[in-house]
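Have the viewer open as you read.

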4 protein chains.
Amino acid sequence: MSTTAVTPSGRAFISDNMAGASPEIVRAVAAAAAGNAPPYGNDPFTDSARRKLSEIFERDVDIFPVSTGTAANCLALAALTPPWGSVLCHPDSHINNDECGAPEFFTDGAKLVTVPGDESKIDPDALGPAVRRRAGDVHSVQPSVLSISQATESGSVYTLDEIRRLGVIAKDAGLRVHMDGARFANALDHLDATPAEMTWKAGIDVLSFGATKNGAMTADAIVSFDPALATELAFRAKRAGQLASKMRFHAAQLDAYLTDDLWLGNARQANTMAARLGDGLKAIPGTELLGSPQANLLFCRLPRHTTEQLLAEGYTFYHDRWAPGIVRFVTSFTHTPDDIDQLLDAVRRHTP
Amino acid sequence: MSTTAVTPSGRAFISDNMAGASPEIVRAVAAAAAGNAPPYGNDPFTDSARRKLSEIFERDVDIFPVSTGTAANCLALAALTPPWGSVLCHPDSHINNDECGAPEFFTDGAKLVTVPGDESKIDPDALGPAVRRRAGDVHSVQPSVLSISQATESGSVYTLDEIRRLGVIAKDAGLRVHMDGARFANALDHLDATPAEMTWKAGIDVLSFGATKNGAMTADAIVSFDPALATELAFRAKRAGQLASKMRFHAAQLDAYLTDDLWLGNARQANTMAARLGDGLKAIPGTELLGSPQANLLFCRLPRHTTEQLLAEGYTFYHDRWAPGIVRFVTSFTHTPDDIDQLLDAVRRHTP
Amino acid sequence: MSTTAVTPSGRAFISDNMAGASPEIVRAVAAAAAGNAPPYGNDPFTDSARRKLSEIFERDVDIFPVSTGTAANCLALAALTPPWGSVLCHPDSHINNDECGAPEFFTDGAKLVTVPGDESKIDPDALGPAVRRRAGDVHSVQPSVLSISQATESGSVYTLDEIRRLGVIAKDAGLRVHMDGARFANALDHLDATPAEMTWKAGIDVLSFGATKNGAMTADAIVSFDPALATELAFRAKRAGQLASKMRFHAAQLDAYLTDDLWLGNARQANTMAARLGDGLKAIPGTELLGSPQANLLFCRLPRHTTEQLLAEGYTFYHDRWAPGIVRFVTSFTHTPDDIDQLLDAVRRHTP
Amino acid sequence: MSTTAVTPSGRAFISDNMAGASPEIVRAVAAAAAGNAPPYGNDPFTDSARRKLSEIFERDVDIFPVSTGTAANCLALAALTPPWGSVLCHPDSHINNDECGAPEFFTDGAKLVTVPGDESKIDPDALGPAVRRRAGDVHSVQPSVLSISQATESGSVYTLDEIRRLGVIAKDAGLRVHMDGARFANALDHLDATPAEMTWKAGIDVLSFGATKNGAMTADAIVSFDPALATELAFRAKRAGQLASKMRFHAAQLDAYLTDDLWLGNARQANTMAARLGDGLKAIPGTELLGSPQANLLFCRLPRHTTEQLLAEGYTFYHDRWAPGIVRFVTSFTHTPDDIDQLLDAVRRHTP
């Protein structure tokens with residue numbers, strides 16, 4: 001087999017899930033492979049990851065390493081809503097668009113109800129009526145969970161105040177709060193906040209803690225701040241096929257990810273590269289930066305000719321997917337300043 | 001974090017899922033981490049694994065790498081039975097005992113109906129009436145799938161004739177056939193058969209192809225011999241949280257597993273060690289070997305004193321779980337002749 | 001117990017489900033109670049209902065009497081969509097708003113995706129892109145069923161041309177088509193069409209045939225025009241608790257409903273009363289009729305004082321539910337011209 | 001349509017669900033049809049049924065009228081077990097054999113685990129280990145509900161002591177207790193106990209209160225003795241399509257059923273007829289009564305010639321279904337002493 005990747009890393013801007021893994025994580029996995037260990041999470045790696053997450057979040061947490069973000073999100077939701085509940089989420093959210101009905105499957109049929117807002121962020125004014133919509137009416141699903149993405153699917157980041165305000169609205173109406181943190185570290189880096197501030201101190205009950213997109217291989221984790229949910233999450237994870245026998249190989253990824261601030265460094269690198277790209281684009285006449293990149297996603301408007309030439313040079317990225325002329329670049333921890341500068345140079349060369 | 005495993009490998013006989021991973025697989029994963037690659041299985045590693053499995057099975061197959069055997073089993077079953085169907089399986093089967101209702105969850109409520117037989121193998125004479133039980137009766141679940149484990153949960157192995165005979169009974173009644181191959185390679189080694197003979201040539205429609213227990217880390221695969229199931233399996237895998245974004249890291253494990261007969265070598269090693277242990281035990285007065293190990297599981301009866309002394313020496317294994325005095329040893333590719341000889345020596349020393 | 005109803009029939013305009021049952025249906029149920037009969041639909045009443053429906057629809061149909069419209073809708077949808085499918089429906093549809101997640105429950109998690117349009121009717125121009133949205137994309141639910149309500153929840157009625165056009169758009173993209181006919185007879189009366197024209201000739205695969213709101217007690221029926229669905233519907237109905245042992249008591253209601261055009265007469269009566277009410281309101285200064293009632297639902301704008309006085313006189317109806325000042329009146333087969341004239345007189349008296 | 005039933009009532013012994021309805025119930029339904037009433041159970045009939053059941057059970061109960069016993073059983077179970085739970089039931093139970101996977105569907109995949117015992121009654125000695133089987137083990141479904149049938153599917157009746165003993169075993173292990181009372185009145189008549197003694201005083205949490213088989217048409221009810229379950233049951237009933245809009249027609253049946261001891265009289269009649277048949281059979285040489293009928297089901301062994309001749313005379317009943325030569329007769333409230341004597345005479349005439 002050829003292990004040659006199809007796109008040179010420096011030209012791959014489709015998604016951060018195209019990146020490989022951090023060397024530290026590779027080494028940790030290799031080290032974990034050497035000996036034997038108890039299965040199903042009763043191993044020292046899982047224990048260490050739990051302790052590190054508890055330290056990082058400044059309180060005891062329950063963790064459930066899983067193999068995908070979809071599994072993390074949907075198991076969390078299943079533990080937070082009854083089947084007759086609704087999950088309030090943004091129309092742009094991953095659970096609403098990109099999980100092929102997994103939330104409905106895992107929750108035994110709970111309903112996703114969208115709440116609008118600019119920049120893929122839920123508008124508190126829209127959330128207000130939504131959390132009480134037909135509450136107590138047996139003919140309607142019952143608002144049960146608020147799910148927010150941090151960072152969002154369009155690269156924006158909720159401020160701490162915004163999260164807190166949404167959290168209060170939800171909690172006052174008796175809802176639980178879930179955070180899809182597929183790009184948790186990127187948001188954290190942008191806000192310069194603590195993990196605790198961005199989660200349980202702001203009302204989050206359960207977090208999908210993403211690692212895969214930011215340097216790990218196949219390891220995300222459910223992090224629960226509510227001890228009352230631990231048993232249910234354990235059984236749900238098992239019967240969803242997410243209790244890995246050799247759990248240590250997921251846990252070792254998480255453990256290394258959390259060691260020596262690797263996770264924060266990776267996120268900072270990705271964010272910085274997106275900012276560098278944004279700054280560069282602003283200086284190129286004929287292109288238009290849309291918004292200002294807060295995490296590692298950047299949207300812009302490029303002339304058709306520019307897009308075509310970039311593709312011809314081997315760059316990969318989404319274009320004309322959200323609207324004609326709109327291009328999305330996603331940076332990752334693997335991108336270097338040189339990569340960005342070369343991309344900017346190519347844009348400059350090909351923009352009339 | 002301490003990466004010291006709790007039991008020295010040579011003394012760990014609880015299960016083959018305590019073992020680490022083969023160096024070849026570790027190296028493949030490390031190599032896959034280097035570059036970037038398209039997500040969701042559209043990568044060269046997944047492609048290579050598919051081609052290797054097609055070659056090994058002597059026909060085009062569809063493959064779906066998943067993170068656990070439970071996911072493989074239950075996605076396969078969900079694609080083979082309607083919700084009102086029944087899955088005929090042995091009372092000892094993993095799906096019946098050890099998956100916490102995952103089969104019922106994934107299939108939207110299909111029912112497992114057990115069919116007895118010696119040595120954890122389904123008895124064809126019992127299967128005959130079972131496949132037609134209340135067929136067409138709207139008040140009853142409808143026999144829809146036969147699921148057999150190869151090797152079985154007690155370490156026995158169906159002969160090719162036995163599989164074929166069960167397959168014919170099932171197919172004649174319109175059922176589909178699933179094989180739980182968590183220890184597929186161990187069974188193959190014992191039979192000295194080809195993968196094709198042990199599966200689709202004997203009537204198997206979908207196989208749970210186990211790799212995790214036999215040298216991989218977190219990678220099993222659904223192997224489908226029926227092209228008509230490919231679309232459904234793809235959607236089911238996605239919505240069950242089993243479509244990994246960085247699928248290459250599962251696929252690279254499978255790819256290395258299938259390279260240069262690593263998988264067969266690992267299985268042979270495990271089987272040989274079980275046989276060596278069995279032969280040794282037969283020669284020790286006061287112990288009793290139960291059956292004759294066909295794969296890498298071995299059951300025996302040991303005096304209580306012996307069991308206690310082995311535990312005191314740091315050996316780990318299940319005992320008194322199936323019946324008082326019954327001990328199970330599971331060997332893996334990591335065990336060496338020396339490990340076995342030392343265990344035998346310990347048994348000898350502690351058996352009065 | 002007192003059997004005095006809380007509102008005199010003539011003043012009850014909340015919903016047609018407040019009405020009692022037609023005397024002919026009461027007599028049929030009483031007659032069915034006399035003897036014994038085979039259970040589970042193998043009785044002469046069910047057989048007769050099936051034959052009558054086949055005659056009315058001008059082709060052999062499969063029927064499944066059920067106890068509620070929700071059960072009819074959701075069993076139909078479950079037979080038409082895979083769990084990873086989406087059901088395209090209007091935002092105002094009953095399945096979307098008033099069934100508490102039953103569609104998601106029965107279908108094992110299929111997703112309702114709304115398609116807008118005026119007067120609660122799906123706009124063909126909006127349906128066009130919806131039926132192909134992300135088709136083949138494994139990350140997204142797949143458009144699988146178009147569900148339309150005839151008459152709609154706001155009392156409008158699709159023309160035959162409109163149904164046909166929607167049907168063609170759906171069928172061309174490989175979707176199946178369901179009709180929620182909770183007020184099927186009211187729509188039929190308005191269109192002056194044949195049942196066949198309004199259903200299978202226009203592309204409908206499965207119909208929820210409502211009878212309860214129009215003179216029956218507790219009997220709706222799934223009517224399937226696709227023989228290939230019969231077995232699945234039978235098993236799904238059974239495991240959803242909808243295969244009544246004394247099915248004849250549902251079937252006898254349907255049978256009487258379909259005898260001597262009782263169903264059409266009841267619908268005509270309800271529709272005529274709504275039209276009479278609409279005509280009357282148009283002539284009362286200070287009130288505003290919204291749209292023109294096509295079936296037996298009528299929306300209007302009344303002064304607050306008028307609404308309050310009507311309520312004080314014992315009239316019951318929904319008001320201020322859709323918007324302030326908006327009143328909904330629903331007529332049924334039990335209303336008489338006198339009832340309507342008295343209501344109009346009351347409106348006139350209380351409108352300044 | 002011909003309303004001629006296929007078997008004269010007096011010769012129908014297949015099941016009590018072949019019987020029609022009591023005249024009192026027919027009259028109540030007809031009376032309920034006359035006026036209008038609020039939908040969805042907010043009607044005086046439902047209120048009256050609730051009050052009557054509260055009186056009969058000597059405490060406030062929550063009731064949910066449903067259209068079938070399957071719906072009653074499975075909604076009750078869904079409210080009592082998590083999806084990863086197991087429901088302990090007898091191998092002969094209706095939920096295990098005759099509901100086509102409905103329990104698994106309604107509970108989102110909970111598992112039925114059978115516990116043996118003579119005469120279709122669960123053996124306390126077998127229940128003891130079952131309630132704690134693998135408790136706390138995440139790989140296994142968790143014992144969550146004990147479900148017992150009273151009377152059982154073979155016509156036996158648990159004594160009060162037996163129910164209490166099973167209840168204590170279940171409750172001590174943290175399980176909830178459900179009673180399938182499809183033939184509740186028949187059991188009550190046999191025991192000469194109070195409804196309270198046979199249910200909540202003996203540990204029952206939720207009862208499926210059967211009425212359909214004993215004189216009603218299409219009405220059973222969930223009776224919950226645990227107020228904490230009311231909200232969940234209401235939402236589950238709605239989303240399962242069991243919240244009838246014209247609920248009064250179910251409730252009126254229940255209300256009449258409970259008036260003037262109609263339900264007890266009907267059950268006594270059915271039981272007495274079974275006893276009369278049993279006594280008669282005992283006196284006929286060549287036949288063998290199996291057990292002694294406690295409710296309204298009777299099993300016996302008849303010569304093949306006898307069976308054939310009875311069938312030829314138009315009698316209907318199950319035979320050769322449980323074992324060759326075994327015949328089951330089910331009596332209902334519609335049978336008269338004359339019917340029984342004629343059947344006995346026929347048996348006598350045709351038994352050599």
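Predicted model: local features only at pLDDT ≥ 70, side-chain atom pairs only at ≥ 80, totals over all residues.

Residues are numbered from 1 along each chain as its sequence is written, chains are lettered from A and ligands numbered from 1 in the order in which they are written, and side-chain values use heavy atoms, with hydrogens and water left out.

Let's start with chains B and A. Here 61 residues of chain B meet 61 residues of chain A, contact being heavy atoms within 4.5 Å. A salt bridge needs a side-chain nitrogen of Lys or Arg within 4 Å of a carboxyl oxygen of Asp or Glu. A polar contact is a pair of N or O atoms within 3.5 Å; within protein, one must be able to donate a hydrogen and the other to accept it, and residues adjacent in sequence count only if both atoms are side-chain atoms.

| Interface | Buried area | Carbon and sulfur share | Salt bridges | Residue pairs in polar contact (both at pLDDT 80 or more) |
|---|---|---|---|---|
| chain B and chain A | about 4900 Å² | 60% | 0 salt bridges | 31 residue pairs |
| chain C and chain A | about 1500 Å² | 42% | 4 salt bridges | 12 residue pairs |

On the chain B side, the elements giving two or more residues are helices H1 (23–32), H2, H3 (69–80), H5 (102–106), H10 (230–239) and H11 (248–257). Helices (H or I, at least four residues) and strands (E, at least two) are DSSP runs, numbered from the N terminus. By class, that side has 30 nonpolar, 21 polar and 10 charged residues. In this scheme Ala, Val, Leu, Ile, Met, Phe, Trp, Tyr, Cys and Pro are nonpolar, Asp, Glu, Lys and Arg charged, and the others, Gly among them, polar.

Now for chain C, where 20 residues touch 19 of chain A. C:Cys100, C:Glu104 and C:Lys111 lose the most area to chain A, together 33% of what that side buries. C:Lys111 also forms a salt bridge with A:Glu104, with the closest N and O atoms 3.4 Å apart. Helix H4 (94–97), helix H5 (102–106) and strand E3 (111–114) of chain C each give two or more residues to this side, which has 7 nonpolar, 6 polar and 7 charged residues.

**Rings**

Over all chains there are 66 aromatic pairs. Rings of Phe, Tyr and Trp (its six-membered ring) pair if their centres lie within 6.5 Å; planes under 30 degrees apart count as stacked, over 60 as edge-to-face and the rest as tilted. B:Phe57 and B:Phe209 sit edge-to-face, 6.3 Å centre to centre with 75 degrees between the planes. B:Phe57 is in the loop between helix H2 (44–56) and strand E1 (62–66) of chain B and B:Phe209 in strand E6 (residues 206–209), so the pair ties together parts 152 residues apart in sequence. Both B:Phe57 and B:Phe209 are buried (under 20% relative accessible area, with exposed over 50% and partly exposed in between; 1.4 Å probe, protein chains only).

**A threonine in chain D**

D:Thr68 lies in the loop between strand E1 (62–66) and helix H3 (69–80) of chain D, and is buried at 6% relative accessibility. Its side chain reaches the backbone oxygen of C:Gly241 at 2.8 Å.

Technical notes
Buried area = accessible area lost by both parts, 1.4 Å probe.
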